[in-house]
Amino acid sequence: MIVIGEKINGSIPAVADAIARRDTAFIQQRAIAQANGGATFIDCCASVPESEEVETLHWMIDCIQAVTDLPIAVDSPSPDVILQSYGFCRRPGLFNSVSGEGEKMDKLFPVLAREKDWQVIALLSDNTGIPKNAADRLRVFDKIMAKAAEYDVAPQRIHIDPLVEMLCTSEDGIETNVEVISTIRKRYPTIHITAAVSNISFNLPVRKIVNLGFTVLAMNAGLDSAILDPTDRDMMGVIYATEALLGLDGYCMDYIGAYRKGIFGPIKKQA
């Protein structure tokens with residue numbers, strides 16, 4: 001599983017406060033914790049007014065790179081901000097994100113055509129918003145893949161986000177997400193499929209339990225990338241266990257290795 005660490009995001013009140021105070025130690029502690037927890041990428045989102053975003057991302061990226069060599073997901077709703085900010089990264093990372101909305105693909109895909117070691121998250125939304133059914137989301141997916149092919153951006157460089165919405169307001173549970181994920185996985189075996197896992201549990205009690213259950217179901221459908229908290233040892237344990245159960249971890253070597261590294265945390269012995 002590709003794990004995109006979600007803990008350095010200005011939409012989190014504690015992170016917003018640290019950004020406002022330019023608290024380098026706070027940002028770096030979160031980066032170290034996520035790296036130690038097993039993150040593949042560190043997401044970096046400022047969530048400040050666009051006029052302040054590039055300068056803020058520059059500071060945040062410098063903070064992160066001072067303590068870890070993990071690649072960074074440069075996260076902004078503005079493609080212009082991403083284009084101005086990705087050069088602060090010392091190694092190729094992840095553009096977060098493009099979609100079928102506006103000119104985002106036409107701005108970012110030409111850069112991806114040139115920066116061939118960079119990857120991108122692509123959201124299945126367009127100018128109409130988030131499609132309500134699987135068929136319409138797959139139509140957006142087809143448009144994204146057509147544009148990617150136009151610029152020679154290979155499927156394995158793309159992380160498709162089917163857009164997970166709140167379970168408590170969903171009419172079909174996760175049926176739409178499962179259909180979208182499984183269809184894309186069958187059509188493009190090498191593409192990555194990602195999700196912001198915690199979106200599923202908004203406004204529900206004991207959110208962690210819902211997140212864990214969703215992760216297992218989504219991985220079974222073909223999810224191989226996720227935006228989540230890598231310091232959550234229960235979540236990381238479930239991910240490693242699910243990969244082993246799905247036959248993606250030969251002889252459970254990754255599971256055993258993660259256990260030995262302490263990624264799961266202390267395990268209570270069964271009576």
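**Close-up 1. Ring pairs join Tyr86, Phe95 and Trp118 into a cluster.** The model shown here and in the following views is predicted. Four aromatic pairs are present in the structure. In the pair formed by Tyr86 and Phe95, the ring centres are 5.2 Å apart and the planes stand at 70°, so the arrangement is edge-to-face. Tyr86 has a relative accessibility of 12% and therefore counts as buried. Phe95 also counts as buried, because its relative accessibility is 0%.

**Close-up 2. Phe141 and Tyr188 form an edge-to-face aromatic pair.** The distance from centre to centre is 5.5 Å, and the angle between the planes is 85°. Phe141 belongs to helix α6, whereas Tyr188 lies in the loop between α7 and β7 (192–193), so the pair ties together parts that are 47 residues apart in sequence. Phe141 is buried, with a relative accessible area of 0%. Tyr188 is partly exposed, with a relative accessible area of 25%.

**Close-up 3. Helix α6 (residues 134–150) packs with helix α7 (residues 175–187).** The angle between the two helices is about 40°, and their axes are 9 Å apart. The crossing of α6 and α7 is right-handed. From α6, the residues Ala134, Arg137, Leu138, Phe141 and Asp142 take part in the contact. Their counterparts in α7 are Thr176, Asn177, Glu179, Val180, Thr183, Ile184 and Arg187. By class, this contact of α6 with α7 comprises five nonpolar, three polar and four charged residues.

**Close-up 4. Arg22 is placed over the face of Trp59.** The distance of Arg22 from the ring centre of Trp59 is 5.0 Å.

Key:
Residues numbered from 1 in each chain as written. Predicted model: local features only at pLDDT ≥ 70, side-chain atom pairs only at ≥ 80, totals over all residues. Heavy atoms only, no water. Axes fitted to C-alpha atoms, helices over the stretch in contact; angles between N-to-C directions. Helix = DSSP H or I, 4+ residues; strand = E, 2+ residues; numbered from the N terminus. Left-handed = near helix turned anticlockwise from the far one by under 90°. Contact = heavy atoms within 4.5 Å. Nonpolar A, V, L, I, M, F, W, Y, C, P; charged D, E, K, R; others polar. Phe/Tyr/Trp six-rings, centres within 6.5 Å; stacked < 30°, edge-to-face > 60°. Buried < 20%, exposed > 50% of the residue type's maximum accessible area, 1.4 Å probe, protein only. Lys NZ or Arg CZ within 6 Å of the ring centre and 35° of its normal.
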